[in-house]
Structure formats: C-alpha cells, structure tokens
Amino acid sequence: MSQEKVIVLDFGGQYNQLIARRVRECNIYCEVHPYQTPVDKIREMSPKGIIFTGGPNSAYLDESPVCSKEIFELGIPILGICYGSQVMAHLLGGSVKTAPTSEYGKTEVTVDAESKLFDGVHPNTICWMSHTDYIEKAPDGFHITGRTPVCPVAAMECPQRGLYATQFHPEVMHTAEGQKMLSNFVYKICGCTGDWKMDSFVEKTIQEIREKVGDGKVLCALSGGVDSSVAAVILAKAVGKQLTCVFVDHGLLRKNEGDEVEAVFGPEGPYNLNFIRVNAQERFYKKLAGIEEPETKRKVIGEEFIRVFEEEAKKIGAVDYLVQGTIYPDVIESGLGKSATIKSHHNVGGLPDYVDFKEIVEPLRLLFKDEVRQAGRELGIPEHLVSRQPFPGPGLGIRIIGEVTAEKVKIVQDADAIYREEIANAGLDKVISQYFAALTNMRSVGVMGDGRTYDYAVALRAVTTTDFMTAECAEIPFEVLQRVMNRVVNEVKGVNRVVYDLTSKPPGTIELE
C-alpha cells in the first residue's frame with residue numbers, strides 16, 4: 001500500500017519533530033531524515049514535498065550543515081524554515097548575514113496574500129521568530145512575500161521551481177496561522193490529497209505484522225500504559241494466540257496498578273490474551289541498590305526488563321519476536337539520529353547490546369502520543385485506557401531522586417495517589433496532559449504535633465502539551481494544590497514538605513529525575 005509522503009530534512013533545530021507532527025495533522029504521512037541524506041535516496045523515496053528545518057548554525061560558515069544543491073533540481077517542492085530558509089538562500093546565490101537586529105518571539109509579519117503559501121492568511125499575521133542571522137538579499141528568481149520592519153526577507157518564493165521559505169516558524173503554536181500555511185504547502189503546492197489516517201495505519205500495520213511474524217511466537221512487553229496496551233491489541237488482532245503478553249511488576253508502578261493491569265489484560269479481562277504476570281519487585285530493588293544517577297537507573301531497569309522477558313520466553317519456548325510500545329518521542333529523546341541524547345528510554349536506548357530474540361517489533365515507533373491514542377480508539381480500546389496518563393517504562397524508579405528503596409517507593413505511591421485523586425475531584429484530569437508526584441532527595445526540618453521532623457519533600461508536577469516534545473507548567477488553582485499538600489503531609493509517613501515544579505520543557509523534561 002503506497003501512500004503520500006513529505007520528508008523533513010533535519011538541520012538540528014529544536015522543532016524538527018514538531019514539523020513532522022504538524023504535517024501529519026494535515027493527514028499527510030511525514031518522516032524526518034538527516035540533512036546529509038543523499039539526493040539519490042531522496043529521489044527513491046518519491047516524496048511529494050521536502051521541508052528544511054531550523055537549526056542553530058550560520059549558513060554562510062564553512063563548517064555549518066548544508067545539503068547538496070542537487071536537491072533543488074529534483075522538481076520536488078521545498079519549504080525552508082528559519083535556518084532552512086537561509087540554507088536555501090545561501091546555496092542559490094542570495095546573501096545571508098548577521099542581522100543588525102535579532103528577532104525573538106511573536107512578531108507581526110506582513111505577507112503577500114497572492115502567494116499560494118499564504119492563501120487565506122491575514123495580510124498582517126503574528127508569527128514566531130527566532131533568529132540572529134537573516135536573508136539580506138533573496139536569490140535571483142525569487143520574490144519577497146513576507147517582511148517585518150527589521151527583516152527584509154521574512155518569506156520568499158520561486159513558484160516556478162516550487163521553492164518557498166519562511167524566516168519564521170509556522171510549525172509552532174505561537175504562529176497564529178502557521179497550520180494554515182503548512183496545509184497550503186502540502187495541499188496547494190505539493191498536490192497532496194491526504195491519505196494518512198489512523199484507520200489505514202492500523203489496517204496496514206496489522207497486515208505487515210502478520211506477514212513479518214508468519215507462524216512465529218511473539219512476546220509482548222505489556223506495562224498497562226497507553227503505548228504498550230495499543231501495541232498489545234494490535235498484535236492480538238494480527239497474530240492472535242501466537243502472542244503472549246508478559247507484565248513485569250517491578251515494584252515501581254503506581255499504587256494498586258499491578259492489580260489494575262491484570263484485571264484488564266489478565267484471564268478475566270476482555271481481550272482473551274495469553275497473559276503472564278511476573279512479580280519481580282525484590283529483584284529490581286536489589287539491582288537498583290546504591291544507584292543514584294538517573295541515566296544509570298534507566299539502563300539498569302531496561303536491561304533487567306529484557307532479562308525477565310528472556311527468561312519467560314524460554315519457559316514458553318521458541319519465541320522469535322519481542323514487541324514493545326516504543327513511540328516517536330522515545331526514539332528522538334534517546335538520541336537515535338542527529339538529536340542529542342536527552343534520556344535513554346528503557347525500550348530504546350536502554351536496551352543492552354545483546355538481546356536474545358530474533359527481532360524486536362515496534363509497531364508504534366513512528367507515532368506521536370496523540371496518534372497512539374487515535375490508533376487505540378480505532379482498535380476499540382476503551383476510552384479510560386486510551387486517555388490514561390503517560391507513565392515511563394522505568395516507572396517510579398525515575399520519579400525518585402537518588403537511590404530507590406521499597407520505603408521510598410511506598411512514599412511516592414501514596415503521595416501520587418492522593419495527587420491524582422484530588423486532580424480528578426477538581427475536574428482537571430481531562431485538562432492536564434500529565435501530572436504526578438515525585439520524591440526529591442531533599443530532607444528538611446519540619447514541625448508536626450509540636451515535635452521536630454526531618455523528612456522528605458515531595459514535588460508535584462503537572463504540564464499541558466499536545467505532542468510531549470514541548471510542554472508548559474499547568475496552572476492548577478492554589479486551593480487544589482493546598483488541599484493536596486495538606487493531605488500528603490498528614491497522610492503520607494516520611495513527608496513534611498510539598499513543592500510544585502513550575503519548569504517548562506525545555507529547559508526541563510516532563511519527568512522529574
């Protein structure tokens with residue numbers, strides 16, 4: 001089954017994955033490739049369009065990343081964004097220099113409504129700028145279609161060659177009509193029709209898995225979270241009883257979560273799966289003893305997961321494939337590609353060098369979180385599971401700062417349960433994208449019942465986001481936070497202080513580790 005495709009060439013900017021996600025929102029399949037991707041390979045991919053991303057470099061410096069000029073001769077429409085626009089200008093004979101006045105943040109841009117890129121866009125539209133260099137002079141054959149008082153070429157184009165460029169970022173939410181611009185590019189310039197939909201993705205994925213697996217046996221790493229649940233149901237529909245789901249209760253789950261997962265996916269659940277629950281709490285606690293560095297904890301937990309799966313696979317006998325619920329942000333943040341390693345996810349960068357399976361199957365590897373939820377709905381998974389709070393594979397092991405112990409796990413489980421209950425009681429559970437309690441490694445003096453305490457501080461975290469690549473702190477009413485604080489301090493032994501984390505992503509990550 002062939003499908004339309006737009007490719008993003010990654011020049012190292014912070015919004016690269018966001019561009020792909022925005023294109024997919026237009027029902028066009030989009031994937032990201034390094035800027036060094038050979039032109040012949042791009043030609044073989046037969047993309048309907050190409051987008052150059054932003055980046056932190058200066059296009060006119062010899063050491064800066066630029067693509068081959070041959071790409072402009074492919075006859076494929078290209079949209080350059082920010083640094084990508086400067087690369088286009090530089091390679092085609094324009095002039096790129098350090099801007100006399102840098103532009104950052106929301107900026108009013110005057111655009112040419114006659115341009116296909118700006119069809120239906122207000123002539124004076126708010127866009128997100130972030131640049132210290134600028135295009136001083138557009139290349140021959142281009143005409144300027146956007147400007148600001150300090151940026152003479154805020155947008156340019158050469159329609160005859162299908163080349164378009166914007167100095168601003170249409171992919172970010174701060175650009176008021178950015179999604180309209182991207183839609184214009186893929187539909188009115190690239191000629192796409194929009195065949196990337198979750199129903200076709202699910203159907204195609206099930207068929208591909210069926211062909212790949214044949215009559216082989218499959219082991220699925222089931223955590224009960226959204227990603228692994230959707231992966232498990234896809235596999236169940238593809239290969240039926242050839243699939244065995246192994247749920248490892250590593251003692252790092254949320255309060256009562258192990259029993260809840262078993263109730264849904266176990267023998268009494270609705271999915272008729274081969275289900276094995278492995279109670280490995282003590283095994284994981286022993287492995288984590290004395291380890292404080294979060295990346296090391298992720299690696300240890302990831303390897304131990306695999307070892308447990310291998311042991312269960314041997315009991316089942318002749319298991320060929322291991323299935324995981326890896327999603328696109330996991331891949332990117334684990335540094336697989338140009339992007340820097342932010343953190344190793346246990347099911348991507350956390351895997352050991354040797355894994356005793358024929359192949360690892362990751363059916364959701366190219367999906368963002370909201371797309372995974374859409375796929376779950378297409379599969380008929382109940383809404384309360386599809387919309388469940390994200391939970392990291394390493395679990396509470398990375399929501400506990402410093403060494404992990406059974407005592408600390410109980411503290412954070414109890415505090416988190418109170419927090420989640422009060423968020424739901426306040427009607428905020430469907431508004432906040434992710435929220436949880438974490439245990440800091442800080443102990444401080446407190447006073448309780450006229451006595452001195454020296455206990456831990458719990459940190460509350462809550463963010464709003466659409467793609468989990470960037471996030472903002474959620475504005476929770478003070479009375480809700482105060483109610484959570486009172487309950488945690490009074491009901492959770494070992495805690496005498498509660499703080500609220502205001503950090504966005506970036507500079508922080510969503511998880512607190």
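Author: An open sheet of five strands runs in the order β12-β11-β10-β13-β14, with parallel pairing. This is a predicted model, where local features need pLDDT of at least 70 and side-chain atom pairs count only at pLDDT 80 or more, while totals for chains, interfaces and linings use all residues. Residues are numbered from 1 along each chain as its sequence is written, and side-chain values use heavy atoms, leaving out hydrogens and water.

Strands (E, at least two residues) and helices (H or I, at least four) are DSSP runs numbered from the N terminus; two strands pair if DSSP finds at least two bridges between them. The edges of the sheet are β12 (274-279) and β14 (359-361), each pairing on one side only. From one strand to the next, the twist averages 30 degrees; angles run from 0 to 180 degrees between N-to-C directions, and axes are lines fitted to C-alpha atoms, for helices over the stretch in contact.

Look next at β10 (residues 217-221), which four bridges join to the parallel strand β13 (residues 319-323). Cys220 stands opposite Val323 in β13. Helix α9 (residues 294-316) lies across β10, β11 (243-249), β12 and β13, and runs at about 140 degrees to β11.

Elsewhere, two helices pack together: α5 (residues 198-213) and α11 (residues 369-378) meet at an angle of about 75 degrees, their axes 9 Å apart. They are therefore roughly perpendicular to each other (65 to 115 degrees). Met198, Asp199 and Val202 of α5 make the contact (heavy atoms within 4.5 Å) with Glu371, Gln374, Ala375 and Glu378 of α11.

Helix α11 also turns up in the largest pocket, where it is among the elements that give two or more residues to the lining, along with α7 (257-265), α12 (383-386) and α13 (406-425). A pocket here is an open set of points on a 1 Å grid over the protein atoms alone, with protein on both sides within 12 Å along at least five of seven lines, and lining residues have an atom within 4 Å of a point. The largest pocket holds about 810 Å³ of space. It is lined by 30 residues, with His384, Ser387, Arg388, Gln389 and Tyr435 the closest to its centre. The largest share of that lining, five residues, comes from α7.

Technical notes: Angles under 35 degrees count as roughly parallel, over 145 as roughly antiparallel, 65 to 115 as roughly perpendicular and the rest as oblique. On a 1 Å grid over the protein atoms alone, a cavity is a set of points where a 1.4 Å probe fits but cannot get out, and a pocket is an open set with protein on both sides within 12 Å along at least five of seven lines; lining residues have an atom within 4 Å of a point. Grid points are joined across faces, edges and corners, and a volume is the space filled by probe spheres set on the points.
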